[in-house]
Amino acid sequence: MVINLACYCQNISFSKVIAPIENVFSASFTATGIVKQGNNYILSLIGFDTASVAHVNNLQSLYLAKVDSTGENFKILNKYVQADTNYYTNWGAFIKTHNNGFCYVCDIDVLPDTNYNPKTQHLIMLFDSSMNNTLTKIIPHDTIWEAVRQIKETSDHGFILTGSRQLSDYECDVPIIKTDSLGNQLWKTYISTGYYGNAVQIEETPDHGFLICGYRSSFTTGYGDPFIIKTDSAGNLKWLKILGNPNQLDGDAAIAITKDSNYIVALGYATATINNNQGWLARINVIKYSPDGTQIWNRMYDTIRYDYYVSKIQILPNNNFIVMGSNSIRDSLNFFATFLFKFDAIGDSLWRKTYYYTSEFGDHNLLFDNILNTDESITACGYVNGFSLSPYEQIWIMKTDSNGYSPACDYTGIGEQNMLLSKVEIKVYPNPATMQTTIAYPQLKEEGYIYIYNMLGQMVYEDKLAKGSMRTNLNIQNYKAGLYKVIIREKGIIKGENTLIKN
């Protein structure tokens, strides 16, 4: 007897906007952070609470709220509203801690004095699992202006923060602040990226150092570039990389640490196809680095789009990853949507999807933070603004299924170019192979390298290729059966690739 059992399930996906304060057109709010708590989501919100005392001076307020796993039953848990205080925050500033509590970091400006100089402070707030505020700590600073953008809990259960510190009207450096588990400052250091540097993301690396991502801009040239910084455990600089197209206005970047302890960075890479308009046009550039800063691969994707920015990268359990960001669509600089772009572990694109809630000229549909659910779906938060909404700007929460589908999804499939920076043809034969195979490529003008990666993105082979060479033979007898990616580089540039099948 054969018994066939079938089980059917449906992933819940949704796309919803919520007005924390209803029926007040000017009470605009943005969701900047999201964490999971049981079957609910906790959101951090920032906005102009024009229905309360904060409206006296048109100041921003801070809210923490809860929705259930279907995006329903919105409830405000905590709010910080004062007539003399302005609250500022960034995505990634609200996190869950190891003890199922929560931590939130923000900046506040207390009402200006008689000389109109606001008093700025950094606040770390700790909450227990029931969202009771258990501690609020002020972190001082000693400069004209300083902001904290993101906080992460470290392996010693303390916290690490980063942001921007103003040195002059034309220069900012990157502060790195380490605290203990109660928010007491242990050390603080600064790193200069040149120009006006602003760090927006920080991650603790497996060696207990830190990886930082941000953006630097020049007010004199008008150009801007993403950067990544690697430090040791005490915040000392190990290496710094300026990314993007030199002398152009590139889009923002995000970083992530892979399961094999390497680093992924994605950014909007400004093109130079239209004179004097490069800053508005970009493609997505994804780079993988080893911990010492060596480039493993560097690839360019997608068609050219307006205002291409990256906000977050999620690494999946199998080392695939999802990049979230935004761009303007329909050839309009005034209609913005959010995208999710999925890649496998070796950088091949799998799908790209675009999401928006409203679609009128001038509308913005922007997601800033997201979390990865156990079924590899994504729940994200941000805001939508548009004249069809009342209030005009409302928080946006969206959940996909594991394939990226959501009711806010505009289209599915890749449908874009997946292109290397400088691609030439390479051949692999025999392919599939069992014992040996040959890699053939156009004659190298300089010394080159060959790299082979398994489907987890792990390098299994590396060797030099002589100047003038055109082929190399590989013994693959000891390779496990499966797919492998073969990459040829010359002078640090990826020149071509192909797939090897090991029987």
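Lys-312 and Asp-369 form a salt bridge in which the closest N and O atoms are 2.7 Å apart. Because Lys-312 belongs to strand β22 and Asp-369 to strand β26 (residues 364-372), this pair ties together parts that are 57 residues apart in sequence. Both Lys-312 and Asp-369 are buried. Salt bridges with shared partners also join Arg-299, Asp-348 and Lys-485 into one network. The model is a predicted one, and it holds 13 salt bridges.

A further salt bridge is formed by Arg-352 with Asp-302, with 3.0 Å between the closest N and O atoms. Arg-352 lies in strand β25 (residues 349-355) and Asp-302 in strand β22, so the pair ties together parts that are 50 residues apart in sequence. Arg-352 and Asp-302 are buried. Strand β22 spans residues 295-315. Asp-302 counts as buried because its relative accessibility is 0%, the cut-off being under 20%. The side chain of Asp-302 also takes part in polar contacts: one of 2.8 Å joins it to the side chain of Arg-305, and another, of 2.4 Å, is made with the side chain of Tyr-308.

Lys-178 forms a salt bridge with Asp-156, the closest N and O atoms lying 3.2 Å apart. Here distant parts of the chain are linked, 22 residues apart: Lys-178 is in strand β13 (residues 171-179), whereas Asp-156 is in the loop between β11 (146-153) and β12 (159-168). With a relative accessibility of 7%, Lys-178 counts as buried.

Turning to the sheets, three strands form an open sheet in the order β30-β31-β34, with antiparallel pairing. Strands β30 (427-429) and β34 (471-475) stand at the edges; each has a single partner strand, so one side of each is left without a neighbour in the sheet. From one strand to the next, the twist averages 20°. Strand β30 is joined to β31 (residues 436-440) by three bridges, and the two run antiparallel. Tyr-429 stands opposite Thr-438 in β31.

Another open sheet has four strands in the order β2-β3-β4-β5, again with antiparallel pairing. Its edge strands, β2 (29-37) and β5 (75-80), each pair on one side only. The twist in this sheet averages 20° from one strand to the next. Five bridges connect β4 (residues 60-68) with β5, and these strands run antiparallel. Leu-62 stands opposite Tyr-80 in β5.

Technical notes
Residues are numbered from 1 along each chain as its sequence is written. This is a predicted model: local features need pLDDT of at least 70, side-chain atom pairs count only at pLDDT 80 or more; totals for chains, interfaces and linings use all residues. Side-chain values use heavy atoms; hydrogens and water are left out. Buried means under 20% relative accessible area, exposed over 50%, partly exposed in between (1.4 Å probe, protein chains only). A polar contact is a pair of N or O atoms within 3.5 Å; within protein, one must be able to donate a hydrogen and the other to accept it, and residues adjacent in sequence count only if both atoms are side-chain atoms. Two strands pair if DSSP finds at least two bridges between them. Axes are lines fitted to C-alpha atoms, for helices over the stretch in contact, and angles run from 0 to 180 degrees between N-to-C directions. A salt bridge is a side-chain nitrogen of Lys or Arg within 4 Å of a carboxyl oxygen of Asp or Glu.
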